[in-house]
Amino acid sequence: MITMDFAYYRPKSIAEAVNTFQDLTLQNKKALYYGGGTEIISMARMNKLQFAAVIDIKEIPECNVMQINNQKLTIGAAVTLTKICETNLFPLLSRAAKATADHTSRDKITVGGNICGLIPYREVVLPFLLCNSQVILAGKEGQRTVPITQIFDKTLKREKSEFIVQILTDRTFIDLPFEFVKKTKMEEIDYPLVTLALIKLGDEIRAAVSGLCSFPFRSSRLENEINQISVPLQTRIDNIMSNLPGPILNNLQGSAEYRDFVFRNTLLDALAKVGGAS
Amino acid sequence: MFQVLSKSLIELEVNGEIKSIVVRPADTLLFALREQLGLTGTKDACGNGDCAACTVLVDGWPVKSCLMLAVEAVGHKITTIEGLKDIPIQKAFLDKFALQCGYCTPAFIINSHALVTIHPDANDEVIKEWLQSNLCRCTSYEEIKEAVKWVLGQ
Amino acid sequence: MTAEEMTIIGKSVNRKDAPEKVRGAAKYTTDYIAPDLLHAKLVTSTYAHAKIKSINTNEAQKVPGVQAIVTAEYCPGIVGVILEDQPMLAKDKVRYHGEPIAVVVANSEYEAKKAAELIQVEYEPLPVVNSPGEAIKPNAPLIHENHGDYRRLKHVFPEPGTNISNHVKIRKGDIGKAWAQCDVIVEDSFSIPQSDHAALEPRNSRCEIKPDGRVIIYTSSQSPFIVRKLISRYFNLDEGKVIVNTPLVGGAFGGKAAVHLEFLVYMASYAVGGRMVKLVNTREEDLIGSPCKIGLEAKVKLGSTKDGIIKAAEITYLVDGGAYSNMGVAITKSIATDCTGPYKIENVFCDAICVYTNHPFTTSFRGFGHMEYTFAIERTIDMLARKLKHDPLELRIKNAIAPGDTSPSLVGLTPSNIGNLKECLNQIKKLINWDGGRKVDMGNGKIRTKGISCFWKTPSTPTDAVSGAVITFNPDGSINLNIGPVELGVGSKTVLAQILAERLKWDINKIHVTMEVNTELNPVHWKTVASMTIYMVGRAVLEAAEDLISQLKSIGSIVLRCSPTDLDVADGKVFLKEDPNQHLDVTEVVYGYKYDNGNSIGGQIMGRGTFIMKHLTTLDHDGGKGVPGPGWTLGAQAVEVEFDAKYCTYNILKAVTVLDAGKVLNPKTAEGVVKGGMSMGLSFATREYFDFDIQGKVLNHNLRTYKIMRFGENPQYIVNFIETPQIDAPYGARAFGEHGIIGMPAALGNSLAAASDTDLNKLPLSPETIWKTRKEAAQ
């Protein structure tokens, strides 16, 4: 039972969505773009989120695209994680999607919703970070296309009126060899202790991480260390751990000390698999 | 643009029937189904999307109705347990003793029915992926798996 | 009739409640929807221990639709089942996180919640007692300052001036002399956390007060007759005017045995002039506000001869009963009477102490404390085996309890009341392939190990617990079985119908059992707890069947002109034994027999059966001598795991139970309930616990973070029954609704301890805990 009252809008076009947002802003009403809504509903129930309106983007045609053309994979923000997995056009993304929540929830959770969520994990962003995907944002100033690595710093930095319409990924990336590992406290359906995604472009290894810190990240520092093949692996990993972009999470899922242990070993195992150990 | 600004009359298509109900935009589909339409086969057991006892089908796919707004369901086809009659999975749950207290049963049946319909060739991994969404506190889950596999084998 | 001739007992008859359940048509308490229903919402404590300085309801009162707000000042006295120590709503101070403080009644759930959110409670935090160990420290903060003044309703021994709510002692043999006979002694400490039942149906109740003063309660409960008693006692009402209804219950596991929300919903209805009010826990409220499972801290010391004969056991059990005693004090007694596990030990010195803490209050939970202490005992037995260099399974066989031995509270054991543990152990040895390698290195960093545990349990009921059964006929000769237990999910109503069908040789489909309980209409059944339904109600059903048969024979003897002893009853007929063709169809006599000329005899035929516990005694306080229950159910369990030596993660591959069931009445439901218990035991052992912060607040109070085992995480389950009849039980069937859970944490713990070469003495056995324990042991 959500006691807070709010209005519900379901625009049919990008323009309608943005205009609605703008109108509400002018009326001093806080509006949220709404994808699957799972996080918004559960947080609203606990009064952890205050807003006056939601703008459901699921009927905007562009937000429902899931196709490859012109050597680009286009994924609409309102595509559900289940659809990602069922179509499986982007295997690494399918893996990341499958690591999120449970199957029935994934019938509702959307790509855009997960990336813009408030929980610390948001595993769906990891493949896009690794592939230098482009995000199409729509807002009051119109649309813009930006590399995700440029605007994702702990969260997706965007203007208030903006929402993700689509994410574009170069086809060359989606079939690259990858490794994806999610480690949990005990059971599969849980927030991660750590989630590690690696892709390999030729000899270069890229890595993105969730669960280790209070936000998902891909860091050049970490990748530089990983790729210094001449340095002993243990030293590289020690260097990585002493240069993390934030403190290690310490919560119900696991202590910081345990996460540290799990991440080191997960990285060791994953590098051994993709051939980055030596 | 479809919009519901405050407590309003909406139409939902549930089990093939068009139903008019008054809801607040903040009301969940679960609340509307149970409290407005009296379809109490859909259970409220956590309100947080964790147990899946409130699972219904939305356009044929299982969805947790506690994590969906009633207004969001406008324009979609909703199927609740009351809309499923004498389907094989119901018989299988009965014959395989795949239920005890029965509180999670309607949702397990809804989800299992969607699974065997969408993936009639589901292997163990797919069965697990789908049914892991639902919590059961009484059975050992083995009985439920047996019931699903029996239907898949038909 | 011999066992070979039985036609329905021993068959997997389909559950009578299943057709409704698979269609979503089964109705539970909370499924009542009506426009004139009022809704109640709780305001609960955000502190574990604090003075309530003020409660401000001004803003809440202004919310449209609000009808009443109830706080402690409107509540009469304090309540309890054994020790009266609990205010209905927190008064002056709160003693646990989640404790109800106020109830808002409004026209809708929305308005009630909205108002509840606006009630401001001002607290002054108090020092917190955050574990049983802290509770017994000499300078521990007192949670109940005046608990010496609390009224004791039953045999209970609180210690005023401390946090101790009960102290039960077992003194068997001469422990002082016993140690001298021991060549090997092991001793260790164990810790088992509080956790919750987490039944899928959250606890909920409704109440209305009729113009004539009748109080009608609808509640998701295991104890509708106790609800009637307590509502009547604490609100000073005639018991006959309190009518309690319980339809199907969506899982209980002991958690719905306590009376809690019923008090609140009665007050809520009273506050609005008797209108019907519905109160439903949210999952968060259900996990911590309503009663949970005890925690346990244990110290176990065992001594044996070098040949592995266990001679002495010295044990301290500290029960975390939480903020209020409820059933925690009774669980403590139950732990004490079975404190050693099913072993022949001549010298036992055990103190079982229930303490108050600032944790959620506790009630019965599947196993009634046996799962918890069994973890401590069975881990210690494995340690003893290691020290003796004995095979742990052989050591258990060597010390297995048997007829001729005595229990810790000195009950003499017979084949009927104890069963055959050695046979269970012999069977499990084969089923888990014990001799095929207890520890196998799989070569890829994975190790496979097997662990074992024994278990036993006798119910701990009041010495005068009663049950009853009434049988009536329909004109078509079908039967209505009218009984008082609640259908919690284990299928007992179907099995009770089977018992009746067997005795009457009747078609099971012509026996109707109502799933709902109504205290005004059904004969009393103490409570649906302690796995006692089949034993108690089954006895009453059999007696009612005898009554019915004798009435059928009596009227049959007149019509068929013979002696009643010439007759038999079966398949809806009363017939001459030597010539079944000479018979009466029951439809001719169930409402009286009418001769051709219109003369009628007999009247309505109704069977009546009753049952009361026999020969039970309270426990003598100084030495713990006494008879706790009518008999034990015991068995052995084993768990095989595959352990990842690096990450300390593991998969549970197989779990086996061999249980002496006495007689299996319905194999599929029997197997289902044992497997369900095993599943719950493994779920608890691997992940379930309340995570308290240093202020005693529960951090994981929803099902996102309070984890329950999911589909596909389960191992392969194997359940085997042996059958040593319990002579006084229906068809020899022992009680085992709970028992599947008891040895699971211990068997898993023994398996993982072997795999990790680490003494794992704390639950849950998360990979992080194993990793940390192993690391600390290495340092």
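Predicted model: local features only at pLDDT ≥ 70, side-chain atom pairs only at ≥ 80, totals over all residues.
Residues are numbered from 1 along each chain as its sequence is written, while chains are lettered from A and ligands numbered from 1 in the order in which they are written.

**View 1. Chain A meets chain B.** Here 26 residues of chain A are in contact with 30 residues of chain B (contact: C-beta atoms, placed from the backbone, within 7 Å). On the chain A side, β1 (7-10), α2 (38-45) and α5 (103-106) each supply at least two residues; helices (H or I, at least four residues) and strands (E, at least two) are DSSP runs, numbered from the N terminus. That side has ten nonpolar, six polar and ten charged residues (nonpolar: Ala, Val, Leu, Ile, Met, Phe, Trp, Tyr, Cys and Pro; charged: Asp, Glu, Lys and Arg; polar: the others, Gly among them).

**View 2. Strands pair across the two chains.** β1(A) and strand β1 (residues 2-4) of chain B run antiparallel and share three bridges (strands pair if DSSP finds at least two bridges between them). Look for Tyr9(A), which stands opposite Gln3(B) in β1(B).

**View 3. Two domains of chain B.** Chain B is divided into domain 1 (8-80) and domain 2 (84-152), with bounds from an automatic or database domain assignment. Their contact takes 15 residues from domain 1 and eleven residues from domain 2. On the domain 1 side, β4 (55-58) and β5 (61-64) each supply at least two residues, and the largest share, three residues, comes from β4(B). By class, this side of domain 1 has nine nonpolar, five polar and one charged residues.

**View 4. A cis peptide bond in chain C.** Leu763(C) and Pro764(C) are joined by a cis peptide bond, with omega about -5°. Pro764(C) sits in the loop between α17 (744-756) and α18 (767-778).

**View 5. Positive phi in two loop residues.** Phe97(B), in the loop between α2 (88-95) and α3 (105-118) of chain B, has phi near 55°. Phe97(B) is buried, with 25 other C-beta atoms within 10 Å (buried: 20 or more such atoms, placed from the backbone). Back at Asn326(C), phi is positive at about 35° although the residue is not a glycine. Asn326(C) is buried, with 28 other C-beta atoms within 10 Å.

Terms used. Contact = placed C-beta atoms within 7 Å. Buried ≥ 20, exposed ≤ 12 C-beta atoms within 10 Å, placed from the backbone.
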